[in-house]
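Let's take a walk through this structure together. Have the viewer open beside the text, and we will go from the contact between the chains to the charged pairs and then to one helix.

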Amino acid sequence: MSEIKKIKNLKEFSTSADRFEGANLLCPGCAHSIIVREILNATNDDLILGSSTGCLEVCTAVYPYTSWDNSWIHIGFENSSTAIAGAEAMHKAKKRKGTLISDRDPKFVAFGGDGSTYDIGFQWISGCFERGHDMMYVCLDNEVYANTGGQRSSATPIGSSTVTTPAGSHSYGEKKDKKDMLSIMAAHNAPYVAQVAPNKWKDMIKKIQTGFATEGPVYINAMSACTTEWKFDPADTIAVSDLATDSLVFPLYEIINGTELNITYRPKNIVPVKDYLGAQGRFKHLFKPENAHVLDEWQKRTDAKWDLLQRREEARV
Amino acid sequence: MAKNENNGWNDFDIGALLFSFDKETKNIATTLQEDRPYSNSNSFTASVADWRVMKPVFNKEFCIDCQFCWIYCPDMSIISRDKKMIGIDMDHCKGCGICVEVCPTNPKSLLMYDEHLEDEEALIAAWPAKEEK
């Protein structure tokens with residue numbers, strides 16, 4: 001077992017050498033690369049990485065360039081999890097037989113967007129977690145199929161206007177609520193499941209390092225504010241992420257062994273959900289008088305979710 | 001962007017394999033960018049400078065080395081060495097402006113200016129004064 005990198009504060013963290021390179025083709029202000037940087041810099045170990053089809057994959061491997069300084073593979077929309085699980089199984093088998101070419105123990109990380117995690121790759125991820133591979137799966141959750149032009153996914157929240165659920169005179173946009181992926185993954189009896197946000201970097205690093213130190217499959221749900229599809233100014237990525245975590249739309253918590261839920265971030269000042277929704281163009285139509293009931297519904301559901309999390313934390317279920 | 005002239009897309013082997021480095025490398029996680037043997041197929045050797053409409057300008061005088069810009073830069077463009085912020089990598093900066101938004105000093109030590117304004121010394125000389133609360 002390799003030792004955990006010591007990161008006491010941001011100054012110490014800033015001595016890290018990035019293993020994700022610039023001149024990738026992600027949009028200016030994209031949160032994807034902030035998340036990837038924080039994950040890659042959280043460890044000094046070798047990494048074996050995989051990406052499902054999505055923004056991260058198409059933008060970081062545009063021929064003739066690669067933006068990755070570690071072994072990285074792209075296979076299909078659904079199977080970054082199985083590709084990484086296969087690599088992990090091979091590493092374990094070769095280690096057992098003593099035929100590894102190097103004695104270094106890499107970490108195995110698969111990246112996927114919310115489309116490939118919540119919808120298309122769901123069965124494959126479920127399989128990996130059931131078999132118990134020693135890997136980490138990171139979902140970069142921007143709540144929409146951003147790479148293909150903004151279609152709804154099952155991570156799209158209620159009221160969001162996307163190209164397949166457009167808001168207009170007959171509709172307020174997406175009608176269904178977001179799938180609770182963390183509870184689903186925790187129900188696999190995964191040893192570690194956590195929700196992270198790039199603006200709370202210290203919380204994120206801690207969770208990623210716990211994930212790396214955990215034996216078995218780890219699921220990380222990373223909130224990724226999408227400047228293009230959420231429709232806000234590229235400079236406001238961190239401000240919008242702050243609103244998301246402080247309004248409790250994205251509560252930060254972890255679930256250990258499927259039951260021990262810990263809330264890791266409690267905002268000092270909880271901001272109204274309205275502030276978070278108002279900062280984004282995709283919810284602009286909700287502020288018309290005829291859609292006021294959706295705003296109330298949003299606040300009600302967010303409060304109910306937070307209440308449930310607190311009760312789960314107390315009851316350890 | 002410079003294209004690799006040796007291969008077009010249609011005479012490349014199926015199952016593309018791109019090497020990030022020219023030489024065998026060990027402990028990349030502890031090797032800084034300037035010491036790495038980058039290959040031509042690493043995007044570090046490319047540039048997205050032509051994406052910028054606005055550019056960040058760094059004024060060292062007000063910087064407190066908090067490193068907020070370093071952690072939140074999506075394009076690895078804030079160069080920090082020995083816990084000090086020393087400059088901006090203008091080849092990889094896309095001009096999103098996150099660094100300016102997260103800068104906590106008063107006045108800010110990073111500000112966005114039009115890309116065509118070339119004389120950075122003049123911009124720094126005309127830096128806005130401290131804002132009274």
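A residue is called buried when its relative accessible area is under 20%, exposed when it is over 50%, and partly exposed in between (1.4 Å probe, protein chains only). With a relative accessible area of 6%, B:Arg36 is therefore buried.

This is a predicted model, in which local features need pLDDT of at least 70 and side-chain atom pairs count only at pLDDT 80 or more, while totals for chains, interfaces and linings use all residues. Residues are numbered from 1 along each chain as its sequence is written, chains are lettered from A and ligands numbered from 1 in the order in which they are written, and side-chain values use heavy atoms, leaving out hydrogens and water.

**Where the chains meet**

Counting contact as heavy atoms within 4.5 Å, chain A brings 42 residues and chain B brings 50 residues. The two chains bury about 4000 Å² between them, 61% of it from carbon and sulfur atoms; buried area here is the accessible area (1.4 Å probe) that two parts lose on being put together, summed over both. On the chain A side, A:Arg37, A:Tyr63 and A:Tyr65 lose the most area to chain B, together 19% of what that side buries.

**Salt bridges**

A salt bridge is a side-chain nitrogen of Lys or Arg within 4 Å of a carboxyl oxygen of Asp or Glu. The structure holds 23 of them over all chains. A:Glu21 sits in the loop between α1 and α2 of chain A and B:Arg36 in the segment before β1 (54-58) of chain B, so this pair joins two chains. Helices (H or I, at least four residues) and strands (E, at least two) are DSSP runs, numbered from the N terminus. Across the interface the rule finds two salt bridges. Three pairs are listed here:

| Pair | Distance, N to O |
|---|---|
| A:Glu21 and B:Arg36 | 3.0 Å |
| A:Asp69 and B:Arg36 | 2.8 Å |
| A:Lys200 and A:Asp242 | 3.9 Å |

A:Glu21 is buried, as is B:Arg36. A:Asp69 also counts as buried, at 7% relative accessibility. A:Asp242, at 26% relative accessibility, is partly exposed.

**Helix α6 of chain A**

In helix α6 (residues 122-131) of chain A, the buried residues are A:Ile125, A:Gly127, A:Cys128 and A:Phe129. They pack against several elements of chain A, including α4 (80-97), α5 (114-120) and β4 (136-141). Just after this helix, A:Gly132 takes a positive phi of about 75°.
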